[in-house]
Amino acid sequence: MKPTLNITSEIGTLKTVVLKRPGPEVENMIPQNTQRFLFDDIPYLHMIQKEHDQFAGILRKQGVEVLDLKELLTEVFRTKDIKDLFVLDFLNESKAPFDENQIGQALENYLQQLSAEDFVEKVFQGVRKEELFQEQKIHLHDYMEDSFPFYVSPQPNVYFMRDPACVIGNGVTLNNMKSEIRKRESLFFQYILKYHERFKESEIPIWLNRDYPFSLEGGDLLVLSKETLAIGISERTSAKAIEQLAANIFKQNTTINNIIAAVVPKSRTFMHLDTIFTMVNKDTFCIYPVILTEDIYLLERGTVPQCVNVSKQQSLEVALKKVLGLDEVNFIICGGDDKVASSREQWNDATNTLAISPGVVITYDRNYITNDLLRKNGIIVHEIPSSELSRGGGGPRCMSMPLIREDISFR
Ligand SMILES: NC(=O)NCCC[C@H](N)C(=O)O
């Protein structure tokens, strides 16, 4: 029988993954607010869907079971009581204007009467002001030209499935995401794990919950092996969340004994560890070289009650060799030696590879120098078109949430 969740590496043969096909929510941005939504441009919907369909198509062709976030949520919300409960949580977290009686109640009523299918679309696309009150201007700010047109803001980042939750072993983290605009995304997984037929009977450990006050995002967390995680201390993921996660995991009877914590320079370009470091084979990593000069720490299982021992490491290479038991580590530098190409391809998510088995990855076609280098290093590369997908600032790894991979051994 298939396990519900099993992720013990980044590269074990991928069996089940969750994706979200980009939908009309990506068109609910305007040039004045793309930055607020963490986008660099507004994608062309028709094309981004075509590109994403090719991504899903390659995964299916490789025998991967592809689950769809929209379908999972729709199945959960067919039960009216669960949907009504979610409406309240969702509006609360959307900072919907509940205090303004008329609007809060109208929003609640409006969402409650939608079918499960329409409701899920609305959750992604947001609720425009004119949907509730035709052209009605109530407040002074409604008269202002730049007034935000939504009561409930859209969620264009939902196709970046990697970030709101991380599967580690047979458990998950439900992440408190850094930016206000993405915080609601991990609420989806709370509901799916608790109420969806496929998950609700399994006792899934929650390694760190979304009410933990310091932020963590999935793009920063890599499961390197049964024993080891790598986590970026980044713009999005705090050192406190990493240590708390370590303490929670080490306290349990798990195989994880080590966490490599790598400093990631705080900038939009390097927003998560997986924008500068991914694993493509047992001893091979695709990197942007900035990761080689930043500080590296190791968190190890200590003795209770001082559960986490922290030590500074000499380098990423030394730390990887130690925790993975490797004699050599092969770093493939994205874009190669040409600094301009390296920087450009990093920006276009060249290092954001998604492994579908050891030495087999999916990447963006636009990063042709890195793809070539990967192939020269014996990696099989499946390319997907990326003109529109890349506009949101993430690549194939960011767009996927693996639930089940086959176990592999390193030694
Ligand atoms: N793991 C990743 O690097 N995810 C990419 C997230 C892109 C999204 N627009 C964001 O800024 O959060």
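Predicted model: local features only at pLDDT ≥ 70, side-chain atom pairs only at ≥ 80, totals over all residues.

Biologist: How are strands and their pairing defined?

Modeller: Strands of a sheet pair through backbone hydrogen bonds, either parallel or antiparallel. Here two strands count as paired if DSSP finds at least two bridges between them. Strands (E, at least two residues) and helices (H or I, at least four) are DSSP runs numbered from the N terminus.

Biologist: In what order do the three strands of the open sheet lie?

Modeller: The order is β5-β6-β7, and the pairing is mixed. Its edge strands, β5 (165-168) and β7 (206-208), each pair on one side only. From one strand to the next, the twist averages 30°; axes are lines fitted to C-alpha atoms, for helices over the stretch in contact, and angles between N-to-C directions run from 0 to 180 degrees.

Biologist: Which helix lies across β5 and β6?

Modeller: That is helix α7 (residues 185-195), which runs at about 145° to β6. Helix α8 (residues 239-251) also packs on the sheet, where it touches β6 and β7 and makes about 145° with the direction of β7. Residues are in contact if their C-beta atoms, placed from the backbone, lie within 7 Å.

Biologist: What is the strand order in the sheet of five strands?

Modeller: The order is β8-β9-β10-β13-β14, in an open sheet with mixed pairing. The edge strands β8 (221-223) and β14 (308-313) each pair on one side only. Ignoring direction, neighbouring strands are turned by 20° against each other on average. Between β8 and β9 (residues 228-233) there are three bridges in the antiparallel sense, and L222 has A230 in β9 as its bridge partner. Helix α9 (residues 316-324) packs on this sheet, touching β9, β10, β13 and β14, at about 165° to the direction of β10.

Biologist: Which residues touch the most other members of the largest nonpolar core?

Modeller: In soluble globular proteins, nonpolar side chains tend to be buried together. A nonpolar core is a set of buried Ala, Val, Leu, Ile, Met, Phe, Trp, Tyr and Cys residues joined through C-beta atoms within 7 Å. A residue is buried if 20 or more other C-beta atoms, placed from the backbone, lie within 10 Å of its own, exposed if 12 or fewer, and partly exposed in between. Of the 100 residues in the largest core, V172, L229 and A262 touch the most other members. Six residues, the largest share, come from α8. Beyond four places in sequence, the contacts of L229 include I168, L221 and I259.

Biologist: Is C398 buried or exposed?

Modeller: C398 counts as buried because it has 26 C-beta neighbours inside 10 Å. The residue is found in the loop between β18 (380-384) and β19 (401-405). Leaving aside neighbours within four places in sequence, C398 is in contact with F160, R162, G219, D274 and N352. The unreviewed UniProt entry annotates C398 as "active site"; UniProt positions follow the numbering used here, feature names are shortened, and annotations may be inferred rather than shown by experiment.

Key
Residues numbered from 1 in each chain as written. Contact = placed C-beta atoms within 7 Å.
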